[in-house]
Amino acid sequence: MVVCSTSLRKNSGNVKLLNLNRRNIELLVMTKLATVFEIFNDEQDAVNSYFPDRKLKKFDILDFVQKMKKEE
């Protein structure tokens, strides 16, 4: 993983880890590799980390329902 990460960084890439189990996280912490890799529990957060300036508009169901009632 370190070789892959190093190679990707040389080419402007990055490795992010997603949905690791407790044992894997403990191993990354013990080996201090948790400081090398970004670790995420949520896939959308991992994807969004590649686009830090992107603002995501979340769908607000309450707002949608209220607008629909106004249109009736």
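Guide: Welcome! Buried means under 20% relative accessible area, exposed means over 50%, and partly exposed lies in between (1.4 Å probe, protein chains only). This is a predicted model, where local features need pLDDT of at least 70 and side-chain atom pairs count only at pLDDT 80 or more, while totals for chains, interfaces and linings use all residues. Residues are numbered from 1 along each chain as its sequence is written, and side-chain values use heavy atoms, with hydrogens and water left out.

Visitor: Is Arg23 buried or partly exposed?

Guide: Let's compare its value with the cut-offs. Buried needs under 20% and exposed needs over 50%. Arg23 has a relative accessible area of 47%, so the residue counts as partly exposed.

Visitor: How many salt bridges does the structure hold?

Guide: A salt bridge is a side-chain nitrogen of Lys or Arg within 4 Å of a carboxyl oxygen of Asp or Glu. By that rule, the structure's total is 4.

Visitor: Which residue forms a salt bridge with Lys16?

Guide: Lys16 is in strand 1 (residues 16-18), and its partner sits 22 residues away in strand 2 (residues 38-40). Strands are DSSP runs of E, at least two residues, and helices are runs of H or I, at least four, numbered from the N terminus. The closest N and O atoms are 2.8 Å apart, and the partner is Glu38.

Visitor: How many residues apart are Asp63 and Lys67?

Guide: Asp63 and Lys67 form a salt bridge, with 3.3 Å between the closest N and O atoms. Both lie in helix 4 (residues 61-71), separated by about one turn of the helix, and their spacing is 4 residues.
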